Amino acid sequence: MTSSPSSVPRLVVAAPASGSGKTTVATGLMAALTARGLAVSPHKVGPDYIDPGYHALATGRVGRNLDAYLCGPELVGPLFAHGARGCDVAVVEGVMGLYDGAAGEGELASTAQVAKLLRAPVVLVVDASSQSRSVAALVHGFASFDPEVRVAGVILNKVASDRHEELLREALDSVGVPVFGVLRRAPQVDTPSRHLGLVPVAERRTDAVAAVAAMAAQVSGGCDLDALMALARGAGALSCAAWDAAEALASSPPAPLPVPSPGAAAPSPPLRPERHRPRTPSSSSGRGYPQDLRVAVAGGAAFTFSYAEHTELLTAAGAEVVPFDPLRDEQLPDGTSGLVIGGGFPEVYAGELSANAPLREAVAALADSGAPVAAECAGLLYLCRELDGLPMCGVLDASARMSERLTLGYRDAVALGDSALAAAGERMRGHEFHRTVVEPGSGAAPAWGVRAPRRRVEGFVQRGVHASYLHTHWASAPGVARRFVERCRTS
């Protein structure tokens, strides 16, 4: 029998620092528990898109993010309960070190904060490769730093030998910290990385399946799964209700759509008449929103960054969401009324994207028709005139190129004008994560004004297009999805 979302067993897999092995342990634990026949709910603290792909491969369920900065602490519990509905256990992978969060914001968006919000015990993954007795001081410090965070035990990673394990266990026993597992060095579970972290599952699915299987075998062989399940069952009950896309839309005040001024030129006729042909509603969201229009969402290996809640909100707002692959599909889905192009790695696939001229032309035609187009980061690059000298869609009079500099961090932003996503003055929080540069960095009508780390304007708004480097989480502002769908109806 599965547990209700408020009482589902759960634990958080954290670490003292990045690179300790928490992704290996968390993913392996998810896969090992799934192999036992349990329904496992996978979660990731922070804005990361790549780890949830491995979590989904391990569990067969959508990987969900829990980000207290992008969504606010008040949504962490409801979004967790939404993802964990109908599951036997939930495993939450942390971000960076246990107490690391948004810069200059204390505990905000840290794994520790999420663990407290979820009333979940923490298992600390420690890279023990270069220490023995010192591990006790390290773990004791993390366990005592915040008494509200329950560091319940450790999993020792990269242990060299039986003697090394013996020394580590003796040290931890002296401070009363349980050891839930010991993992030896295992190159076969390593996953390749490049300029923005791990290579996404969509780009290496066969190898990723093998890597996840190796992680599961290592965790099963080196960890006490029964003890970890018993620990998860000791998590405190949550009093919050599960997040629901339709309810979130119903309780979100609608933002007004821009009204043309008297005498303003009428929108130009659509260049793809089939986009507006009458369609028989194929289904209903169940909350009174007939799904009578299509929103195409870019996917495939080049565009792997998306939050599941975006699709759920678009569906609840009345859209039929249809995925397509810009590397393979030469046309947008029939009947496309709006387009969402999220993040990913177009710089890796610039040649293939450029070679697909029919789709580039179709995207440009859709944008020219005034239809809403929402593009984030990789989507921004795809809409540019060129990327690393190769032709892209040409929707924006800007060029993009790879850079040596990593741009990374949370951002506070305000909409500088009305667009298909936001009304002028609307505030949102976002996240930047890229090694590219777009020149110019903003258009005549910028998308956002950003306050930190320096004040600047960013992105492009032109007709129905909203293109920006900022990744946003629409669960924090459900009206974005409603506004986008309404713009699809009226464009």
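The model I am reading is a predicted one.

**Entry 1: helix 1**

I listed the buried positions of helix 1 by name: K22, T23, T24, V25, A26, T27, G28, L29, M30, A31, A32 and L33. I then checked the length of the helix, which covers residues 22–35. At 1.5 Å a residue, its 14 residues should span 20 Å, and I found the end C-alpha atoms 19 Å apart, which agrees. Past the helix I looked at G37, which follows helix 1 and has a positive phi, near 90°.

**Entry 2: helix 1 against helix 2**

I next examined the packing of helix 1 with helix 2, residues 50–59. Their axes are 8 Å apart and the packing angle is about 20°. Because angles under 35 degrees count as roughly parallel, I recorded helix 1 as roughly parallel to helix 2.

Helix 1 contributes T23, T27, M30, A31 and T34, while helix 2 contributes D51, Y54, H55, A58 and T59. Sorted by class, I have four nonpolar, five polar and one charged residues in the contact. From helix 1, T23, T27, M30 and A31 also stand in my list of buried positions.

**Entry 3: L183**

I turned to L183, which is found in strand 7, residues 179–184. Buried means under 20% relative accessible area, so L183, at 1% relative accessibility, counts as buried. I checked what surrounds L183, leaving aside neighbours within four places in sequence. The residues in contact with L183 are V25, I155, L156, N157, K158, V159, Q218, V219, G222 and C223. I noted that V25 belongs to helix 1, where V25 is itself buried.

I also looked up the separation between L183 and G21. These two lie 162 residues apart along the chain, yet their C-alpha atoms are separated by 10.0 Å.

**Entry 4: backbone sites**

I searched for a cis peptide bond and recorded the one from E439 to P440, with omega near -5°. P440 lies in the loop between strand 19 (427–439) and strand 20 (448–450).

I then looked at positive phi values in residues other than glycine. D388 has a phi of about 50°, and I located D388 in the loop between strand 16 (386–387) and strand 17 (390–391). With a relative accessible area of 38%, D388 is partly exposed.

R463 likewise has a positive phi, near 50°. I placed R463 in the loop between strand 22 (460–462) and strand 23 (465–468).

**Entry 5: the whole protein**

I found 14 helices and 24 strands in the protein. Of its 491 residues, 57% count as buried. I also looked at contacts with a separation of 6 or more, and residues 24 or more positions apart account for 76% of them.

Terms used: Residues are numbered from 1 along each chain as its sequence is written. This is a predicted model: local features need pLDDT of at least 70, side-chain atom pairs count only at pLDDT 80 or more; totals for chains, interfaces and linings use all residues. Side-chain values use heavy atoms; hydrogens and water are left out. Helices (H or I, at least four residues) and strands (E, at least two) are DSSP runs, numbered from the N terminus. The expected span of a helix is 1.5 Å times one less than its number of residues. Buried means under 20% relative accessible area, exposed over 50%, partly exposed in between (1.4 Å probe, protein chains only). Axes are lines fitted to C-alpha atoms, for helices over the stretch in contact, and angles run from 0 to 180 degrees between N-to-C directions. Angles under 35 degrees count as roughly parallel, over 145 as roughly antiparallel, 65 to 115 as roughly perpendicular and the rest as oblique. Contact means heavy atoms within 4.5 Å. Ala, Val, Leu, Ile, Met, Phe, Trp, Tyr, Cys and Pro count as nonpolar, Asp, Glu, Lys and Arg as charged, and the others, Gly among them, as polar.
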